[in-house]
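Student: I've got a chain open in the viewer and I'd like to learn how to read it. Can we go through it together?

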Amino acid sequence: MLHRTQLSIAEITKRYGDNLVLDRVSFTVKPGEKIGVVGDNGSGKSTLLRLLAEVEEPDNGELTVRSPDGIGYLPQRLDLPDEQTAADAIDLALADLRAIEADMRQSERALAAGEDAAEAYAGLLARFEAREGWDADLRVDRACAALGLPGLDRDRPLGTLSGGERSRLMLAATLASRPALLLLDEPSNDLDAEAVAWLEDQLRTYPGTVVAVTHDRAFLDAVTTTMIEVADRKVRRYGDGYGGYLAAKALERRQAQEAYERWTAEVDRQQGIVDANVGNLNAIPRKLPMANMGTGSFRARSRTHGAGSRIKMAKQRLERLRAEPVPPPPEPMRFATDIATTGADAAQPAIELSSVRVGDRLRLPELVVEHGERVLITGPNGAGKTTLLRLIAGELEPDEGTVARSGAVGHLRQRSEPGTDRQSVLRAFAEGRVGTLEEHAEALYRLGLFEPERFGRPVAALSVGQRRRLELARLVSRPVDVLLLDEPTNHLSPVLAEQLQEALASYTGTVVLVSHDRRLRESFTGRRLEMDAGALIGSP
């Protein structure tokens, strides 16, 4: 019964004030599909999910959502009063099942009173048992334990739970309600590796339909059967899971490159026709070869007319081609390094920390990283990883000890604030760099991280993900010897995260990486260090 869902969107438009978020988008979700919704931060993914949950209504178009066996919606941000208890939150998530059970009790009372309620009761019982309603509360407890909330007191006020704990509680209860349609916004946030693995296993085998918004590439690869990409106010559907999505995006890039090459070749061919015929026209003799005969004059006029006609046709073709240019695809992302250019001393360590202390946040007796070495630093939130990267970058001064670095350092911060709010994207990209604004615009365009129409947009109007793109653009467009990357794939679309991962693999300089991204960590080759409570665990 959990496959009885109907979910479709036809020519939907959604805007907030003057901001058009979705423009005439259409797609259908088949019963039982596992959908991954991806796109840049701020592209409209959460808006799309709210529409499917019928929390919001579209401005135009037709939305069809039918799920007789319930809808479970988990938003990214939960608006729950602090004074309510964990039991209240669980009841909210299990509201469908609680309602069915209440109706069953009413039918039972009607049957006991001799009323004709047998058919109604049988229908309610079938729905309740299809969702395994008798075990719902037990499933909540089991899910809470698996998600890191074992033995949670249901009388505990929500105000005493952290934001992550609230999210895990609601995720547990939403899964336990076993609706036919699950709508999840970033469900793997705030989960450790063990909890994410449990969640992936639950969703892979889930009998209903799942639509999940996520940036977690490993999650997408493990769970999804179909991908929906939200970009430029449009929606595109891709089959064959995350692997099929990446293959399709690679094919799109090859096709874009081939289209650009065909356009360039045709422009060159038509320009060649113009140049050749102008040369032929100039070579036609101006004097008649025989004054007393007309044949030479006829041949000259014929050749002149033919060359002129070819020039005219080629110029018209060139005008049409240049009126509708085919842009080249963005250049592959890469991190550039050039020790000779930056003046780094290859004989010295790239990074050397000795007897360092930063308040009670960080204490390191020693850390040495050689040029070309790659280091992955792991550990729980609050372990001191971001503090360490800021110290290496020179953004923090130690209370004790010394920090030495050799070569140019590039730091991609976890929370980036490139430029000032009043600056445009282009001016923030160009700030502090040599060259004309036109040269910087060309460099930014080649990176493919922003469309040209966004170059004049103020930084204040950018989403978190777009600000991330801007800082990434500044980082990859100059050579650095030491890359400090703090959660570099946060807020990036999966395709851009894949490009960053490939760029990192080919980078020849020094890398110090902090990341919870499982796909990035699995591909990392180099030294691995673990931090906890501001210190390195084991030998550095």
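Predicted model: local features only at pLDDT ≥ 70, side-chain atom pairs only at ≥ 80, totals over all residues.

Student: What radius of gyration does the chain have, and what would a compact globule have?

Tutor: The radius is taken over C-alpha atoms, and the globule rule is 2.2 Å times the number of residues to the power 0.38. For 540 residues that rule gives a value near 24 Å, whereas this chain has 31 Å. Along the principal axes, the C-alpha atoms fill a box of roughly 125 × 75 × 40 Å.

Student: How many helices and strands does the chain have?

Tutor: Both are DSSP runs numbered from the N terminus: helices are H or I with at least four residues, strands are E with at least two. The chain has 17 helices and 18 strands.

Student: And how do I read contacts along the sequence?

Tutor: Contact means heavy atoms within 4.5 Å. Of the contacts with a separation of 6 or more, 71% are between residues 24 or more positions apart.

Student: Which residues of helix 12 are buried?

Tutor: The general idea first: an α-helix has 3.6 residues a turn, so residues three or four places apart point the same way. In helix 12 (residues 385-393), the buried ones are Lys385, Thr387, Leu388, Leu389, Leu391 and Ile392. Just after that helix, Gly394 takes a positive phi of about 85°.

Student: Which residue other than glycine has a positive phi near 50°?

Tutor: Glu132 is one of them, with phi near 50°. Glu132 sits in the loop between helix 4 (118-130) and helix 5 (136-146), and it is partly exposed, at 37% relative accessible area. Ser355 isn't a glycine either, yet it has a positive phi of about 50°. Ser355 lies in strand 10 (residues 351-358) and is partly exposed at 46%.

Student: What does Glu400 touch, leaving aside neighbours within four places in sequence?

Tutor: Glu400 is in contact with Ser355, Val356 and Arg357. Glu400 itself belongs to strand 13 (residues 400-405). Its C-alpha atom is 9.0 Å from that of Ser354, 46 residues apart along the chain.

Student: Is Ser67 buried or exposed?

Tutor: Ser67 counts as buried because its relative accessible area is 14%. You'll find Ser67 in the loop between strand 4 (60-66) and strand 5 (71-74). A polar atom of the Ser67 side chain lies 2.7 Å from the backbone oxygen of Gly70. Beyond four places in sequence, Ser67 is in contact with Arg4, Thr5, Ala180 and Leu181.

Student: Where is Gln466 found?

Tutor: Look in helix 15 (residues 464-476). Gln466 is buried at 14% relative accessibility, and not counting residues up to four places away in sequence, Gln466 touches Phe450, Arg454, Arg457 and Ala461.

Technical notes. Residues numbered from 1 in each chain as written. Heavy atoms only, no water. Buried < 20%, exposed > 50% of the residue type's maximum accessible area, 1.4 Å probe, protein only. Polar contact = N/O pair within 3.5 Å; in protein donor to acceptor, adjacent residues only side chain to side chain.
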